Amino acid sequence: MGAQENNQQANGPGNGGNGNGEHRRHIKERFRGPVLLRRKQIPTADGTTTDQRLLESDGSTEWLHQDPWRVHRITSEFVAGFETLAEVGPAVAVFGSARTKVDSPEYATGVEVGRRLAEAGYAVITGGGPGAMEAGNKGALDGDGLSVGLGIELPFEQGLNDYVDLGLNFRYFFVRKTMFVKYARGFIVLPGGFGTLDELFEALTLVQTQKVTSFPIVLLGTAYWSGLVDWLRDTVIAEGKASVGDLDLLRVTDSAVEAVELIRTASPVVRRR
């Protein structure tokens with residue numbers, strides 16, 4: 001390939017021209033499992049996801065012929081996840097809202113958390129999307145660490161953010177959740193919505209029921225999380241729906257330094273010589 005052809009390829013639509021990935025913010029894209037769809041390849045009629053088609057029941061018996069084959073697809077997602085993440089090393093999952101603004105204090109905190117985790121020797125694993133997830137991945141790059149993004153097929157476009165070094169996209173939420181829990185030594189949770197709460201309580205339940213070895217779960221942002229913690233203590237625990245000790249599974253702080261230190265204390269990185 002000649003020098004001129006090389007240059008044309010580097011500046012084409014698939015490479016961003018200036019090499020900083022800014023073009024991706026202007027291109028519509030959607031994942032269907034590991035498959036990336038852009039422009040005219042994005043379906044306009046069927047907005048359903050693989051999870052939705054698996055879980056819905058319309059009363060027909062068509063599932064008798066489809067679900068056994070879905071098992072193979074589910075298995076392939078587990079295999080791809082295990083194979084991709086097996087050698088990531090010590091890692092911490094950073095959760096938070098995809099709607100967090102880039103110029104917000106929460107985004108800046110996410111970047112600091114990712115950077116400090118990377119400097120402490122941890123890989124940073126996020127959901128790979130925008131907002132707080134992007135902040136964690138950006139911080140991991142700033143700290144010269146491994147930035148991992150585990151995306152999910154959604155009915156609206158999202159894609160993986162530009163700061164992900166190692167990315168994997170899933171069709172099924174339950175497979176993706178398994179990867180977070182299996183390969184993370186702890187969770188740092190920034191302010192977020194339903195998806196963040198889902199991941200938070202999934203982790204809490206697994207630790208509470210001793211399905212996984214106990215690891216730290218840190219809520220970052222006292223003002224945001226204090227209402228939830230108060231409700232757990234004053235309503236859930238007060239009415240006997242959970243034990244007093246269950247609240248100790250959560251740590252709340254406003255400090256990125258303290259959040260990372262809580263992880264380091266519970267699961268220190270043993271550096272190889």
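The model is predicted, so local features are given only at pLDDT of at least 70 and side-chain atom pairs only at pLDDT 80 or more, while totals for chains, interfaces and linings use all residues. Residues are numbered from 1 along each chain as its sequence is written, and side-chain values use heavy atoms, with hydrogens and water left out.

**Overall make-up**

- The chain has nine helices and nine strands, taken as DSSP runs numbered from the N terminus (H or I of at least four residues for helices, E of at least two for strands).
- Of its 273 residues, 43% count as buried, where buried means under 20% relative accessible area with a 1.4 Å probe and protein chains only.
- Among contacts (heavy atoms within 4.5 Å) between residues at least 6 apart in sequence, 69% join residues at least 24 apart.

- The axes of helix H7 (residues 194–208) and H8, which are lines fitted to C-alpha atoms over the stretch in contact with angles run from 0 to 180 degrees between N-to-C directions, come within 14 Å and cross at roughly 45°.
- H7 and H8 are therefore oblique to each other, since angles under 35 degrees count as roughly parallel, over 145 as roughly antiparallel, 65 to 115 as roughly perpendicular and the rest as oblique.
- Thr 196, Leu 197, Leu 200 and Phe 201 of H7 make the contact with Trp 225, Leu 228 and Leu 232 of H8.
- By class, the residues of this contact divide into six nonpolar, one polar and no charged, with Ala, Val, Leu, Ile, Met, Phe, Trp, Tyr, Cys and Pro counted as nonpolar, Asp, Glu, Lys and Arg as charged, and the others, Gly among them, as polar.

**Packing of H6 with H7**

- Helix H6 (residues 173–183) packs against H7 at an angle of about 60°, with their axes 11 Å apart, which makes H6 oblique to H7.
- In H6, Arg 176, Lys 177, Phe 180 and Val 181 meet Asp 198, Glu 199, Glu 202 and Leu 206 in H7, a contact with three nonpolar, no polar and five charged residues.

Notes: Buried < 20%, exposed > 50% of the residue type's maximum accessible area, 1.4 Å probe, protein only.
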